[in-house]
Amino acid sequence: MTGSYGVEDRFARITITFSVLLLLLGGIFGLAQVINRAPYFELPSFLEVSPKTYYTFLTGHGVFLAVAIPIFWITGFTAYLAPRVLGKNLRGGLLRLSLLMMFAGAIMAAAAILSGRSAVLYTFYAPLKAHPLFYLGAALLVLGSWVFAAAFFLQYLEWRRENRGRGTPIAVYGLLTTFIVWIEATVPLVIDVLKNLLPMSLFGAKVDALEARTWFWFFGHPLVYFWLLPIVTLWYYMIPKMLGVRIFSEKMARVAFIMFIIASTPVGLHHQLVDPGVSAVYKYLQVLLTLVVASPSLLTAFNILATMEMGGKARGGGALSWILKQPWGNPVYAGLAVTFIVFGIGGLTGIINAGYQLNLLVHNTTWIVGHFHMTVATIVAVGYIAATYSLLAELFGKGVKWPRLALAQPYLWLVGILIFSFSYYIAGMEGAPRRMLNIEGAGGPPIPSEWIYTLQLGAVGGIVMSASGALAVLVFFYSLLRGGIAVARIAPNPHPEEGDPYHPLLENWRLWIAVAIVLILVAYIPTFYELYSRGLAPVSPVGV
Ligand code: HAS
Ligand code: CU
């Protein structure tokens, strides 16, 4: 499967380079926060963050790292890989249009944030109001990603017509799932922006806080699987490839992806378990569905571990020594494996969050911050970066300049995230609030001593994570300048030995998308019916 992918590769080089720049910017904000949040840490005045800048930084941190990077990186990665797997080009016109829209949107949103007039955090809860450019930029960024998705879907449909009876290769199977979930996620976002957020920001229209928040989480939960799914794809695609074995169960991998499609979206209420005004019945229903959507991650844990075991044994490992026989010295493998291990812990804390009663203990505490740095932050700073190391050779034609530093980067992150997240978990269980700067208060009541050492320890973890992030940025740009060696190969082997298995039921995308829509309607029609039939209580927006 050879071909010329000049347009796709240019797209990928631009979006992936931009992602690494965003990692630098967002990472600096993160470092400033974690240090300033630690009680009684004396900082030189130029490092001190005021309450106002704290929220601007926190908004930039969340939006750049968790919203913008995934959109740019995932579209770029797909533009690189899908054409090579399917042997077909993406439509150049759509790629160019998408790039233009995404950049225009990102620059508008970034300007709105950096101007200090959009400190609404990445959850932009109404009636907190940002500058209109923030919402317009976000909308343009998302619409640009839809144009990319259209190019990808068209490419796939063409391939499908020409390859009847063939199984979709697993890499494309996972990426398709990623973009289907992305469309599920962003439809409610667009509704929220058009119906509530833009009128509020442009004309000062009143909004109902609970209604806007419900639309937000209708988007916000499937969003987390959009972040995750390219990494799940890479686990299934790269780990067996690097170990020289097949996936333990190819069929189960596909079942897991289908489960993500059907159950990613109807679960947003698990972010609103303590919100008054939504019936407990609907919350319980969505908690149940949350446990359904946690299952494909557990299937993946089993399938990937079994694959690792097969690979380790094929390399001469025994009953337990297969663990030592993994290619731990390869930066790409190490990055994917670290993401897998850390996600294991982060995912388990997610199940705790989803418990109706346990959620009361952890909601709005630093526990949640621990959870999402073990999931999304690790995915971005270690998972996407691991793949990027490989792309330095095959996409950028450069290779990795300092392979040892590239190898140290995921392990350094592992140390940092364990210190950071466990400190924040403990602080959270002791009730330390998230999203607050000066919890020691200015002359206020004394705070529990458990908050002090845990948040200070958290800052230590955050500093180690920042060092790892800085290393990733340094290795990337220095490699671009100086070139180095290839550390792995993501592009498919030119002559795959075996075809992909074909299971008609698992290739029936229409059916599974229909099931997803039905579940979404079952989960959300009663919820919105309750909100609207009771009557809304719109209030005037606040914010600069
Ligand atoms: Fe979550 C809040 C529940 C997955 C991200 N989540 C958040 C927020 C973010 C986020 C950003 O139910 C904060 C939002 C905000 O700002 O308010 N989450 C879950 C559940 C899962 C889950 C049940 N979350 C994710 C993923 C994310 C992410 C994935 C990003 C990529 N989350 C919640 C809930 C809240 C929440 C509530 C709201 C809390 C509140 O009150 O505000 C599940 O999908 C997780 C399933 C995963 C597993 C793990 C499987 C294990 C694997 C590897 C095993 C490795 C092994 C190796 C065995 C069940 C795949 C051995 C090594 C070891 C040491 C383990
Ligand atoms: Cu969620």
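Predicted model: local features only at pLDDT ≥ 70, side-chain atom pairs only at ≥ 80, totals over all residues.
In what follows, Ala, Val, Leu, Ile, Met, Phe, Trp, Tyr, Cys and Pro count as nonpolar, Asp, Glu, Lys and Arg as charged, and the others, Gly among them, as polar.

**The shell around ligand 1**

By class, this shell is made of 19 nonpolar, twelve polar and two charged residues. Of the 33 residues around ligand 1, the ones that come nearest are Tyr122, Tyr225, His363, His371 and Arg434. Where does the largest share of the shell come from? Helix H9 provides it, with nine residues.

Domain 2 (167-185 + 218-326 + 518-544) and domain 3 (333-436 + 447-487) each supply at least three of the residues around ligand 1.

| Residue | Protein side of the contact | Ligand 1 atom | Distance |
|---|---|---|---|
| Tyr122 | N or O atom in the side chain | oxygen | 2.8 Å |
| Ala354 | polar backbone atom | oxygen | 3.1 Å |
| His371 | polar side-chain atom | nitrogen | 3.0 Å |

Turning to secondary structure, the elements that give two or more residues to this shell are helix H6 (209-243), helix H8 (280-314), helix H9 (331-354) and helix H11.

**The iron atom**

Which residue is the only protein donor of the iron atom of ligand 1? The donor is His371, which approaches through NE2 at 2.2 Å.

**The copper ion**

The protein donors of the copper ion are His221 through ND1, His270 through NE2 and His271 through NE2, and they lie 1.8 to 2.1 Å from the ion. Along the sequence, these donor residues follow the spacing H-x48-H-H. His221 and His270 link distant parts of the chain, as they are 49 residues apart. His221 sits in helix H6, whereas His270 belongs to the loop between helix H7 (250-263) and helix H8. Are these two residues, His221 and His270, buried or exposed? Both are buried.

**Backbone features in two loops**

The loop between helix H3 (92-114) and helix H4 (132-162) holds Pro127, and the peptide bond leading from Ala126 to Pro127 is cis, with omega near 10°. Leu121 is found in the loop between H3 and H4 as well. Although Leu121 is not a glycine, its phi is positive, at about 65°.

Another case is Asn364, in the loop between helix H10 (356-362) and helix H11. Asn364 is not a glycine either, yet it has a positive phi of about 60°.

Methods: Residues numbered from 1 in each chain as written. Chains lettered and ligands numbered in written order. Heavy atoms only, no water. Donors = N, O, S within 2.8 Å, 3.2 Å for Na, K, Ca; no water. Near = heavy atom within 4 Å. Polar contact = N/O pair within 3.5 Å; in protein donor to acceptor, adjacent residues only side chain to side chain. Helix = DSSP H or I, 4+ residues; strand = E, 2+ residues; numbered from the N terminus. Domains from an automatic or database assignment. Buried < 20%, exposed > 50% of the residue type's maximum accessible area, 1.4 Å probe, protein only.
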